[in-house]
Amino acid sequence: MTDETSSQGIPEPEGAADIIDTDYEIGQDNIDGTLGPLGFDIHNPVFAISGLAIVAFVFYALALPEQSAGVFSWLFSAVTKGFDWFFLGAANIFVLFCLFLIVSPWGSVRLGGQEASPDYTYLGWFAMLFAAGMGIGLMFFGVSEPMSHFSSSLGGVAVGEDGVRTDWAPLGGAEGNESEAIRLGMAATIFHWGLHPWAIYAVVALALALFSYNKGLPLTIRSAFYPIFGDRVWGWTGHIIDTLAVFATLFGLATSLGFGATQASAGLNELFGVPLGSTTEVVLITAITAVALVSVLRGLDGGVKVLSEINMGLAFILLFFVLIVGPTIVLLTGFGSYLVAYVEYLPALSNPFGREDVNFSQGWTSFYWAWWISWSPFVGMFIARVSRGRTVREFVICVLLIPSLVCVLWMSVFGGAAIQQVVSDGYTVAQEAALELKLFKMLDVLPLAAITSFVGIVLVIVFFVTSSDSGSLVIDTITAGGKVDAPVPQRVFWCIFEGAVAIVLLIGGGLQALQSMVISTGLPFTIILLLMCWAIFKGLVAERRET
(Lines give C-alpha, C1' and ligand atoms only; values in the text may rest on other atoms or scores of the structure.)
Protein backbone atom coordinates (compact mmCIF):
# COMPACT_ATOMS: atom_id res chain seq x y z
CA MET A 1 0.00 0.00 0.00
CA THR A 2 2.85 2.43 0.78
CA ASP A 3 4.33 2.38 -2.73
CA GLU A 4 0.91 3.11 -4.18
CA THR A 5 0.39 5.83 -1.57
CA SER A 6 3.60 7.63 -2.40
CA SER A 7 2.94 7.38 -6.12
CA GLN A 8 -0.34 9.25 -5.74
CA GLY A 9 1.14 12.28 -3.97
CA ILE A 10 0.70 11.17 -0.33
CA PRO A 11 4.10 10.76 1.40
CA GLU A 12 4.94 7.43 3.00
CA PRO A 13 5.14 7.35 6.82
CA GLU A 14 8.60 8.25 8.12
CA GLY A 15 9.75 6.03 10.94
CA ALA A 16 7.54 3.69 12.95
CA ALA A 17 3.83 3.75 12.03
CA ASP A 18 0.86 1.37 12.17
CA ILE A 19 0.30 0.87 8.44
CA ILE A 20 -3.02 -0.84 7.66
CA ASP A 21 -2.61 -3.92 5.49
CA THR A 22 -5.30 -3.81 2.83
CA ASP A 23 -5.47 -4.92 -0.78
CA TYR A 24 -7.13 -1.64 -1.79
CA GLU A 25 -5.02 0.59 -4.04
CA ILE A 26 -5.61 4.32 -4.29
CA GLY A 27 -7.44 5.02 -7.53
CA GLN A 28 -8.36 1.39 -8.30
CA ASP A 29 -12.02 2.37 -8.83
CA ASN A 30 -11.12 5.44 -10.87
CA ILE A 31 -11.86 6.12 -14.51
CA ASP A 32 -9.11 8.06 -16.24
CA GLY A 33 -8.56 9.33 -19.73
CA THR A 34 -8.74 12.51 -21.80
CA LEU A 35 -11.59 14.65 -23.06
CA GLY A 36 -10.09 16.64 -25.90
CA PRO A 37 -6.99 18.34 -24.50
CA LEU A 38 -8.13 17.85 -20.88
CA GLY A 39 -7.24 14.89 -18.72
CA PHE A 40 -9.47 13.40 -16.03
CA ASP A 41 -9.07 10.84 -13.24
CA ILE A 42 -12.36 10.45 -11.34
CA HIS A 43 -13.73 8.01 -8.79
CA ASN A 44 -16.58 5.77 -9.91
CA PRO A 45 -19.29 6.22 -8.63
CA VAL A 46 -18.65 9.12 -6.18
CA PHE A 47 -17.93 11.71 -8.88
CA ALA A 48 -20.93 10.73 -11.01
CA ILE A 49 -23.43 10.55 -8.13
CA SER A 50 -22.23 13.83 -6.57
CA GLY A 51 -22.13 15.72 -9.85
CA LEU A 52 -25.49 14.49 -11.17
CA ALA A 53 -27.30 15.01 -7.86
CA ILE A 54 -26.03 18.59 -7.56
CA VAL A 55 -26.93 19.34 -11.20
CA ALA A 56 -30.44 17.97 -10.57
CA PHE A 57 -30.75 20.12 -7.45
CA VAL A 58 -29.62 23.26 -9.29
CA PHE A 59 -32.07 22.56 -12.12
CA TYR A 60 -34.92 22.10 -9.61
CA ALA A 61 -34.11 25.39 -7.83
CA LEU A 62 -34.08 27.27 -11.15
CA ALA A 63 -37.06 25.57 -12.79
CA LEU A 64 -39.42 25.77 -9.80
CA PRO A 65 -38.22 28.76 -7.76
CA GLU A 66 -41.43 29.29 -5.73
CA GLN A 67 -41.82 25.63 -4.85
CA SER A 68 -38.13 25.23 -4.02
CA ALA A 69 -38.20 28.36 -1.82
CA GLY A 70 -41.06 26.81 0.17
CA VAL A 71 -39.15 23.54 0.52
CA PHE A 72 -36.01 25.39 1.65
CA SER A 73 -37.97 27.30 4.30
CA TRP A 74 -39.63 24.12 5.58
CA LEU A 75 -36.30 22.28 5.73
CA PHE A 76 -34.62 25.02 7.73
CA SER A 77 -37.44 25.20 10.26
CA ALA A 78 -37.90 21.42 10.61
CA VAL A 79 -34.24 20.59 11.17
CA THR A 80 -33.35 23.50 13.47
CA LYS A 81 -36.42 22.96 15.66
CA GLY A 82 -36.46 19.16 15.66
CA PHE A 83 -32.75 18.44 16.01
CA ASP A 84 -31.36 21.40 17.95
CA TRP A 85 -30.61 19.11 20.93
CA PHE A 86 -28.70 16.75 18.65
CA PHE A 87 -26.48 19.47 17.16
CA LEU A 88 -25.73 20.98 20.59
CA GLY A 89 -25.04 17.63 22.25
CA ALA A 90 -22.79 16.41 19.43
CA ALA A 91 -20.73 19.63 19.43
CA ASN A 92 -20.16 19.23 23.19
CA ILE A 93 -18.85 15.70 22.60
CA PHE A 94 -16.37 16.97 20.00
CA VAL A 95 -14.94 19.56 22.43
CA LEU A 96 -14.58 17.04 25.26
CA PHE A 97 -12.95 14.52 22.92
CA CYS A 98 -10.35 17.06 21.76
CA LEU A 99 -9.54 18.15 25.32
CA PHE A 100 -9.14 14.47 26.26
CA LEU A 101 -6.63 13.94 23.42
CA ILE A 102 -4.50 16.88 24.62
CA VAL A 103 -3.94 15.36 28.07
CA SER A 104 -3.94 11.69 27.01
CA PRO A 105 -0.80 9.60 26.29
CA TRP A 106 -1.97 9.28 22.66
CA GLY A 107 -1.14 12.95 22.19
CA SER A 108 2.49 11.97 21.55
CA VAL A 109 1.66 10.19 18.28
CA ARG A 110 3.18 12.08 15.33
CA LEU A 111 1.19 12.53 12.11
CA GLY A 112 3.23 11.07 9.27
CA GLY A 113 5.29 8.69 11.40
CA GLN A 114 7.53 9.20 14.41
CA GLU A 115 10.34 10.73 12.32
CA ALA A 116 8.18 13.03 10.15
CA SER A 117 8.93 16.77 10.15
CA PRO A 118 6.40 19.59 9.54
CA ASP A 119 5.91 20.72 5.94
CA TYR A 120 5.22 24.36 6.88
CA THR A 121 6.44 26.89 9.42
CA TYR A 122 4.13 27.90 12.26
CA LEU A 123 3.40 31.25 10.58
CA GLY A 124 2.44 29.69 7.25
CA TRP A 125 0.45 26.97 9.02
CA PHE A 126 -1.51 29.37 11.24
CA ALA A 127 -2.26 31.66 8.28
CA MET A 128 -3.76 28.79 6.27
CA LEU A 129 -5.73 27.48 9.29
CA PHE A 130 -7.23 30.89 9.90
CA ALA A 131 -7.98 31.83 6.29
CA ALA A 132 -9.58 28.48 5.44
CA GLY A 133 -11.56 28.06 8.66
CA MET A 134 -13.15 31.37 9.50
CA GLY A 135 -12.27 34.09 7.00
CA ILE A 136 -15.50 35.24 5.37
CA GLY A 137 -17.54 34.50 8.49
CA LEU A 138 -15.44 36.73 10.74
CA MET A 139 -15.77 39.60 8.28
CA PHE A 140 -19.55 39.17 8.02
CA PHE A 141 -20.33 38.49 11.70
CA GLY A 142 -17.44 40.30 13.45
CA VAL A 143 -19.56 43.37 14.13
CA SER A 144 -23.06 42.14 13.39
CA GLU A 145 -23.25 39.20 15.79
CA PRO A 146 -21.94 40.88 18.99
CA MET A 147 -24.20 43.84 18.23
CA SER A 148 -27.24 41.62 17.61
CA HIS A 149 -26.77 39.62 20.83
CA PHE A 150 -26.11 42.78 22.85
CA SER A 151 -29.26 44.44 21.54
CA SER A 152 -31.47 41.38 22.08
CA SER A 153 -30.02 40.78 25.57
CA LEU A 154 -30.65 44.38 26.57
CA GLY A 155 -34.22 44.13 25.29
CA GLY A 156 -34.89 41.17 27.58
CA VAL A 157 -37.47 38.41 27.36
CA ALA A 158 -40.70 38.73 25.35
CA VAL A 159 -43.40 36.03 25.46
CA GLY A 160 -46.12 35.55 22.85
CA GLU A 161 -49.78 34.68 23.42
CA ASP A 162 -48.98 30.97 23.15
CA GLY A 163 -46.46 31.23 26.00
CA VAL A 164 -43.44 30.78 23.72
CA ARG A 165 -40.65 33.35 23.76
CA THR A 166 -40.54 35.61 20.72
CA ASP A 167 -37.31 37.44 21.55
CA TRP A 168 -33.84 36.48 20.25
CA ALA A 169 -31.96 37.05 23.51
CA PRO A 170 -29.52 34.30 24.58
CA LEU A 171 -30.52 32.53 27.81
CA GLY A 172 -32.60 34.87 29.97
CA GLY A 173 -31.28 38.11 28.50
CA ALA A 174 -30.19 41.06 30.64
CA GLU A 175 -33.06 43.52 30.38
CA GLY A 176 -32.07 47.05 31.28
CA ASN A 177 -28.60 45.98 32.48
CA GLU A 178 -26.21 47.44 29.92
CA SER A 179 -22.94 46.03 31.28
CA GLU A 180 -24.37 42.52 31.70
CA ALA A 181 -25.97 42.68 28.24
CA ILE A 182 -22.50 43.37 26.82
CA ARG A 183 -21.00 40.41 28.74
CA LEU A 184 -23.80 38.03 27.72
CA GLY A 185 -23.77 39.23 24.10
CA MET A 186 -20.02 38.73 23.79
CA ALA A 187 -20.13 35.37 25.59
CA ALA A 188 -22.80 34.14 23.16
CA THR A 189 -20.71 35.33 20.21
CA ILE A 190 -17.53 33.66 21.46
CA PHE A 191 -19.54 30.49 22.05
CA HIS A 192 -20.29 30.33 18.32
CA TRP A 193 -16.71 31.09 17.22
CA GLY A 194 -14.54 29.49 19.92
CA LEU A 195 -13.90 25.94 21.04
CA HIS A 196 -16.92 24.20 19.49
CA PRO A 197 -16.39 24.99 15.77
CA TRP A 198 -12.66 24.39 15.96
CA ALA A 199 -13.23 21.08 17.76
CA ILE A 200 -15.45 20.03 14.83
CA TYR A 201 -12.67 20.92 12.38
CA ALA A 202 -10.01 19.23 14.54
CA VAL A 203 -11.89 15.91 14.64
CA VAL A 204 -12.19 15.66 10.85
CA ALA A 205 -8.67 16.94 10.18
CA LEU A 206 -7.11 14.56 12.70
CA ALA A 207 -8.99 11.57 11.30
CA LEU A 208 -7.90 12.34 7.74
CA ALA A 209 -4.27 13.02 8.66
CA LEU A 210 -3.94 9.96 10.91
CA PHE A 211 -5.42 7.42 8.50
CA SER A 212 -3.70 8.86 5.44
CA TYR A 213 -0.22 9.80 6.69
CA ASN A 214 0.18 7.06 9.32
CA LYS A 215 -1.99 4.20 8.06
CA GLY A 216 -1.31 4.55 4.33
CA LEU A 217 -4.97 4.94 3.30
CA PRO A 218 -6.39 7.38 0.70
CA LEU A 219 -6.97 10.99 1.76
CA THR A 220 -10.77 10.68 1.79
CA ILE A 221 -13.39 10.74 4.53
CA ARG A 222 -14.14 7.02 4.14
CA SER A 223 -10.61 6.07 5.20
CA ALA A 224 -11.28 7.22 8.77
CA PHE A 225 -13.90 4.51 9.17
CA TYR A 226 -11.63 1.55 8.40
CA PRO A 227 -11.35 0.56 12.11
CA ILE A 228 -15.17 0.34 12.25
CA PHE A 229 -16.20 -1.05 8.84
CA GLY A 230 -13.00 -2.69 7.60
CA ASP A 231 -12.81 -3.32 3.85
CA ARG A 232 -16.47 -2.32 3.48
CA VAL A 233 -15.28 1.30 3.31
CA TRP A 234 -14.09 0.58 -0.25
CA GLY A 235 -17.66 -0.40 -1.24
CA TRP A 236 -21.03 1.34 -0.99
CA THR A 237 -20.59 2.19 2.70
CA GLY A 238 -17.61 4.34 1.74
CA HIS A 239 -19.29 5.69 -1.41
CA ILE A 240 -22.17 7.03 0.71
CA ILE A 241 -19.81 8.60 3.25
CA ASP A 242 -17.74 10.38 0.59
CA THR A 243 -20.81 11.51 -1.36
CA LEU A 244 -22.30 13.04 1.79
CA ALA A 245 -18.98 14.78 2.37
CA VAL A 246 -19.12 16.31 -1.12
CA PHE A 247 -22.69 17.54 -0.57
CA ALA A 248 -21.85 18.98 2.85
CA THR A 249 -18.72 20.71 1.56
CA LEU A 250 -20.33 22.20 -1.53
CA PHE A 251 -23.38 23.62 0.23
CA GLY A 252 -21.42 24.77 3.29
CA LEU A 253 -19.01 26.59 1.02
CA ALA A 254 -21.80 28.02 -1.15
CA THR A 255 -23.40 29.50 1.98
CA SER A 256 -20.16 31.24 2.92
CA LEU A 257 -19.73 32.52 -0.62
CA GLY A 258 -23.29 33.87 -0.44
CA PHE A 259 -22.51 35.74 2.78
CA GLY A 260 -19.30 37.07 1.22
CA ALA A 261 -21.00 38.25 -1.96
CA THR A 262 -23.76 39.97 0.04
CA GLN A 263 -21.25 41.82 2.22
CA ALA A 264 -18.91 42.77 -0.64
CA SER A 265 -21.89 44.06 -2.61
CA ALA A 266 -23.05 46.13 0.38
CA GLY A 267 -19.55 47.53 0.86
CA LEU A 268 -19.17 48.49 -2.80
CA ASN A 269 -22.56 50.20 -2.66
CA GLU A 270 -21.53 52.08 0.48
CA LEU A 271 -18.19 53.23 -0.95
CA PHE A 272 -18.79 53.60 -4.68
CA GLY A 273 -22.56 53.57 -5.12
CA VAL A 274 -22.56 50.24 -6.96
CA PRO A 275 -26.23 49.15 -7.22
CA LEU A 276 -27.40 46.55 -4.71
CA GLY A 277 -29.21 43.39 -5.77
CA SER A 278 -28.75 39.90 -7.09
CA THR A 279 -27.19 41.13 -10.36
CA THR A 280 -24.27 42.72 -8.52
CA GLU A 281 -23.85 39.62 -6.35
CA VAL A 282 -23.86 37.35 -9.41
CA VAL A 283 -21.23 39.51 -11.12
CA LEU A 284 -19.14 39.46 -7.94
CA ILE A 285 -19.33 35.68 -7.57
CA THR A 286 -18.46 35.24 -11.25
CA ALA A 287 -15.48 37.62 -11.10
CA ILE A 288 -14.12 36.20 -7.86
CA THR A 289 -14.51 32.63 -9.10
CA ALA A 290 -12.40 33.65 -12.09
CA VAL A 291 -9.69 34.94 -9.72
CA ALA A 292 -9.96 31.70 -7.73
CA LEU A 293 -9.29 29.78 -10.94
CA VAL A 294 -5.93 31.56 -11.25
CA SER A 295 -5.13 30.54 -7.68
CA VAL A 296 -6.17 26.95 -8.50
CA LEU A 297 -3.78 26.87 -11.46
CA ARG A 298 -0.91 28.16 -9.29
CA GLY A 299 -1.29 25.25 -6.85
CA LEU A 300 -1.33 25.02 -3.05
CA ASP A 301 2.00 26.74 -2.35
CA GLY A 302 1.77 29.38 -5.07
CA GLY A 303 -1.95 30.07 -4.67
CA VAL A 304 -3.73 29.45 -1.36
CA LYS A 305 -0.61 29.75 0.82
CA VAL A 306 0.43 33.12 -0.64
CA LEU A 307 -3.11 34.55 -0.57
CA SER A 308 -3.67 33.27 2.98
CA GLU A 309 -0.54 34.99 4.26
CA ILE A 310 -1.44 38.24 2.47
CA ASN A 311 -4.94 38.15 3.93
CA MET A 312 -3.66 37.29 7.39
CA GLY A 313 -1.43 40.37 7.24
CA LEU A 314 -4.26 42.62 6.00
CA ALA A 315 -6.67 41.26 8.62
CA PHE A 316 -4.30 41.96 11.48
CA ILE A 317 -3.48 45.45 10.14
CA LEU A 318 -7.22 46.23 10.16
CA LEU A 319 -7.61 44.63 13.60
CA PHE A 320 -4.81 46.66 15.15
CA PHE A 321 -6.01 49.85 13.43
CA VAL A 322 -9.45 49.51 15.04
CA LEU A 323 -7.77 48.63 18.35
CA ILE A 324 -5.51 51.72 18.28
CA VAL A 325 -7.99 54.36 17.03
CA GLY A 326 -10.91 52.90 19.01
CA PRO A 327 -11.27 52.85 22.81
CA THR A 328 -8.01 50.91 23.23
CA ILE A 329 -8.06 50.32 26.99
CA VAL A 330 -11.73 49.28 26.96
CA LEU A 331 -11.13 46.84 24.09
CA LEU A 332 -8.01 45.30 25.67
CA THR A 333 -9.62 44.84 29.07
CA GLY A 334 -12.75 43.59 27.30
CA PHE A 335 -10.77 40.72 25.78
CA GLY A 336 -10.09 39.31 29.24
CA SER A 337 -13.50 40.04 30.70
CA TYR A 338 -15.30 38.56 27.67
CA LEU A 339 -13.27 35.35 28.03
CA VAL A 340 -14.33 35.18 31.68
CA ALA A 341 -17.95 35.76 30.66
CA TYR A 342 -17.64 33.00 28.06
CA VAL A 343 -16.40 30.51 30.66
CA GLU A 344 -19.14 31.63 33.08
CA TYR A 345 -21.99 31.27 30.56
CA LEU A 346 -20.57 28.24 28.68
CA PRO A 347 -22.45 25.51 30.63
CA ALA A 348 -25.81 27.22 30.08
CA LEU A 349 -25.14 28.13 26.43
CA SER A 350 -24.05 24.58 25.57
CA ASN A 351 -26.95 22.90 27.38
CA PRO A 352 -28.89 20.93 24.73
CA PHE A 353 -32.06 20.28 26.75
CA GLY A 354 -34.92 22.32 28.20
CA ARG A 355 -33.94 25.62 26.58
CA GLU A 356 -36.44 28.49 26.70
CA ASP A 357 -34.39 30.76 24.42
CA VAL A 358 -35.59 28.82 21.38
CA ASN A 359 -34.94 31.55 18.80
CA PHE A 360 -31.32 31.86 19.92
CA SER A 361 -30.59 28.15 20.40
CA GLN A 362 -32.33 27.10 17.19
CA GLY A 363 -31.95 30.12 14.92
CA TRP A 364 -28.35 30.90 15.87
CA THR A 365 -26.64 27.93 17.55
CA SER A 366 -28.25 25.05 15.61
CA PHE A 367 -27.55 26.81 12.32
CA TYR A 368 -23.95 27.55 13.31
CA TRP A 369 -23.19 24.00 14.36
CA ALA A 370 -24.73 22.63 11.15
CA TRP A 371 -22.74 25.19 9.15
CA TRP A 372 -19.45 24.29 10.84
CA ILE A 373 -20.19 20.58 10.40
CA SER A 374 -20.95 21.16 6.71
CA TRP A 375 -17.64 22.98 6.39
CA SER A 376 -15.75 20.27 8.28
CA PRO A 377 -14.87 17.99 5.32
CA PHE A 378 -13.54 21.03 3.45
CA VAL A 379 -11.65 22.67 6.33
CA GLY A 380 -10.69 19.34 7.89
CA MET A 381 -9.13 17.98 4.71
CA PHE A 382 -7.35 21.25 4.04
CA ILE A 383 -5.94 21.30 7.61
CA ALA A 384 -4.89 17.65 7.20
CA ARG A 385 -3.09 18.49 3.95
CA VAL A 386 -0.94 21.13 5.68
CA SER A 387 -0.45 19.49 9.12
CA ARG A 388 1.81 16.54 8.41
CA GLY A 389 4.69 16.27 10.89
CA ARG A 390 2.83 17.61 13.96
CA THR A 391 2.16 15.51 17.04
CA VAL A 392 -1.50 14.90 17.91
CA ARG A 393 -1.11 17.04 21.04
CA GLU A 394 0.53 19.90 19.14
CA PHE A 395 -2.04 19.56 16.37
CA VAL A 396 -5.09 19.67 18.66
CA ILE A 397 -3.74 22.53 20.80
CA CYS A 398 -2.92 24.62 17.74
CA VAL A 399 -6.12 23.84 15.82
CA LEU A 400 -8.42 24.11 18.85
CA LEU A 401 -7.01 26.80 21.12
CA ILE A 402 -4.98 29.26 19.03
CA PRO A 403 -7.62 29.99 16.35
CA SER A 404 -10.26 30.20 19.12
CA LEU A 405 -8.23 32.92 20.87
CA VAL A 406 -7.77 34.78 17.57
CA CYS A 407 -11.54 34.67 17.02
CA VAL A 408 -12.13 35.96 20.57
CA LEU A 409 -9.69 38.82 19.95
CA TRP A 410 -11.34 39.65 16.61
CA MET A 411 -14.86 39.69 18.07
CA SER A 412 -13.71 41.61 21.15
CA VAL A 413 -12.13 44.37 19.05
CA PHE A 414 -14.67 44.73 16.23
CA GLY A 415 -17.79 43.86 18.21
CA GLY A 416 -16.54 45.72 21.28
CA ALA A 417 -15.77 48.86 19.27
CA ALA A 418 -19.26 48.85 17.70
CA ILE A 419 -20.98 48.32 21.08
CA GLN A 420 -18.94 51.10 22.69
CA GLN A 421 -20.07 53.45 19.91
CA VAL A 422 -23.64 52.79 21.09
CA VAL A 423 -23.18 52.89 24.87
CA SER A 424 -20.54 55.66 25.06
CA ASP A 425 -21.18 57.85 22.02
CA GLY A 426 -24.86 57.26 21.32
CA TYR A 427 -23.99 56.28 17.72
CA THR A 428 -26.64 53.74 16.73
CA VAL A 429 -26.23 53.64 12.92
CA ALA A 430 -24.22 50.41 12.99
CA GLN A 431 -26.70 48.90 15.47
CA GLU A 432 -29.65 49.64 13.18
CA ALA A 433 -27.96 48.72 9.87
CA ALA A 434 -28.48 45.46 7.97
CA LEU A 435 -26.15 42.61 8.97
CA GLU A 436 -23.96 42.96 5.88
CA LEU A 437 -23.52 46.72 6.46
CA LYS A 438 -22.72 46.78 10.17
CA LEU A 439 -18.93 46.49 9.68
CA PHE A 440 -18.82 49.41 7.26
CA LYS A 441 -21.10 51.59 9.43
CA MET A 442 -18.84 50.93 12.42
CA LEU A 443 -15.75 51.93 10.38
CA ASP A 444 -17.55 55.07 9.10
CA VAL A 445 -16.94 57.04 12.31
CA LEU A 446 -13.29 56.02 12.66
CA PRO A 447 -10.42 57.83 10.88
CA LEU A 448 -9.59 56.84 7.28
CA ALA A 449 -13.04 55.29 6.89
CA ALA A 450 -12.88 55.05 3.09
CA ILE A 451 -9.51 53.25 3.21
CA THR A 452 -10.45 50.83 6.00
CA SER A 453 -13.79 50.03 4.36
CA PHE A 454 -11.97 49.30 1.10
CA VAL A 455 -9.53 47.04 2.97
CA GLY A 456 -12.58 45.30 4.46
CA ILE A 457 -13.97 44.63 0.98
CA VAL A 458 -10.59 43.33 -0.21
CA LEU A 459 -10.43 40.98 2.80
CA VAL A 460 -13.89 39.59 2.03
CA ILE A 461 -12.96 39.05 -1.61
CA VAL A 462 -9.59 37.38 -0.90
CA PHE A 463 -11.13 35.16 1.80
CA PHE A 464 -13.71 34.33 -0.87
CA VAL A 465 -10.92 33.31 -3.28
CA THR A 466 -9.01 31.19 -0.74
CA SER A 467 -12.21 29.43 0.34
CA SER A 468 -13.22 28.67 -3.24
CA ASP A 469 -9.73 27.44 -4.14
CA SER A 470 -9.39 25.31 -0.99
CA GLY A 471 -12.89 23.92 -1.44
CA SER A 472 -12.24 22.86 -5.01
CA LEU A 473 -9.02 21.16 -3.87
CA VAL A 474 -10.89 19.19 -1.21
CA ILE A 475 -13.89 18.15 -3.34
CA ASP A 476 -11.56 17.14 -6.16
CA THR A 477 -9.51 14.96 -3.77
CA ILE A 478 -12.67 13.19 -2.53
CA THR A 479 -14.12 12.66 -6.02
CA ALA A 480 -10.74 11.46 -7.32
CA GLY A 481 -10.71 8.58 -4.84
CA GLY A 482 -8.15 10.19 -2.54
CA LYS A 483 -5.61 11.18 -5.17
CA VAL A 484 -3.98 14.50 -4.31
CA ASP A 485 -2.34 14.92 -7.72
CA ALA A 486 -5.41 14.49 -9.94
CA PRO A 487 -5.49 16.52 -13.20
CA VAL A 488 -5.87 20.27 -12.62
CA PRO A 489 -8.93 20.59 -14.95
CA GLN A 490 -10.94 18.67 -12.35
CA ARG A 491 -10.21 21.31 -9.71
CA VAL A 492 -11.14 23.96 -12.26
CA PHE A 493 -14.46 22.15 -12.84
CA TRP A 494 -15.32 22.10 -9.11
CA CYS A 495 -14.22 25.71 -8.63
CA ILE A 496 -16.63 26.81 -11.37
CA PHE A 497 -19.34 24.53 -9.99
CA GLU A 498 -19.10 26.04 -6.47
CA GLY A 499 -19.64 29.52 -7.88
CA ALA A 500 -22.54 28.28 -10.02
CA VAL A 501 -24.31 26.66 -7.04
CA ALA A 502 -23.89 29.83 -4.95
CA ILE A 503 -25.34 31.94 -7.80
CA VAL A 504 -28.30 29.60 -8.38
CA LEU A 505 -29.19 29.42 -4.68
CA LEU A 506 -28.92 33.19 -4.25
CA ILE A 507 -31.20 33.74 -7.25
CA GLY A 508 -33.60 30.93 -6.31
CA GLY A 509 -34.05 31.61 -2.62
CA GLY A 510 -31.38 33.94 -1.29
CA LEU A 511 -29.46 33.19 1.89
CA GLN A 512 -32.46 31.24 3.26
CA ALA A 513 -31.95 28.64 0.52
CA LEU A 514 -28.23 28.42 1.26
CA GLN A 515 -28.83 28.07 5.01
CA SER A 516 -31.48 25.39 4.46
CA MET A 517 -29.12 23.21 2.43
CA VAL A 518 -26.36 23.62 5.02
CA ILE A 519 -28.72 22.46 7.78
CA SER A 520 -29.95 19.52 5.69
CA THR A 521 -26.49 18.22 4.80
CA GLY A 522 -25.10 18.97 8.27
CA LEU A 523 -27.57 16.65 10.01
CA PRO A 524 -26.46 13.29 8.52
CA PHE A 525 -22.84 14.38 8.58
CA THR A 526 -23.06 14.95 12.35
CA ILE A 527 -23.64 11.20 12.77
CA ILE A 528 -20.56 10.54 10.63
CA LEU A 529 -18.45 12.82 12.85
CA LEU A 530 -19.60 11.07 16.04
CA LEU A 531 -18.53 7.72 14.58
CA MET A 532 -15.28 9.34 13.50
CA CYS A 533 -14.35 10.10 17.13
CA TRP A 534 -14.48 6.39 17.97
CA ALA A 535 -12.47 5.52 14.85
CA ILE A 536 -9.77 8.08 15.78
CA PHE A 537 -9.47 6.61 19.27
CA LYS A 538 -9.09 3.07 17.91
CA GLY A 539 -6.54 4.29 15.36
CA LEU A 540 -4.45 6.13 17.97
CA VAL A 541 -4.43 3.14 20.33
CA ALA A 542 -3.11 0.92 17.52
CA GLU A 543 -0.59 3.58 16.45
CA ARG A 544 0.89 4.03 19.92
CA ARG A 545 1.08 0.27 20.40
CA GLU A 546 3.07 0.01 17.15
CA THR A 547 5.46 2.88 17.90
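A charge sits over a ring if NZ of Lys or CZ of Arg is within 6 Å of the ring centre and within 35 degrees of the ring normal. Arg390 meets this test at Trp125, with its charged end 4.3 Å from the ring centre. Arg390 also lies over the face of Tyr122, at 4.5 Å from the ring centre.

The model is predicted: local features need pLDDT of at least 70, side-chain atom pairs count only at pLDDT 80 or more, and totals for chains, interfaces and linings use all residues. Residues are numbered from 1 along each chain as its sequence is written, and side-chain values use heavy atoms, with hydrogens and water left out.

Now the ring pairs. The structure holds 36 aromatic pairs. Rings of Phe, Tyr and Trp (its six-membered ring) pair if their centres lie within 6.5 Å; planes under 30 degrees apart count as stacked, over 60 as edge-to-face and the rest as tilted. Phe86 and Phe87 have ring centres 6.5 Å apart and planes at 50°, so this pair is tilted. Phe86 and Phe87 are both buried (under 20% relative accessible area, 1.4 Å probe, protein chains only).

Phe141 and Trp193 form another tilted pair, 6.1 Å centre to centre with 50° between the planes. This pair links distant parts of the chain: Phe141 is in helix 5 (residues 122-155) and Trp193 in helix 6 (residues 178-193), 52 residues apart. Helices are DSSP runs (H or I, at least four residues), numbered from the N terminus. Phe141 is buried, at 4% relative accessible area. Trp193 is buried too, at 1%. Both belong to one aromatic cluster, whose members include Phe76, Trp198, Tyr201 and Trp372.

Terms used
Buried < 20%, exposed > 50% of the residue type's maximum accessible area, 1.4 Å probe, protein only. Helix = DSSP H or I, 4+ residues; strand = E, 2+ residues; numbered from the N terminus.
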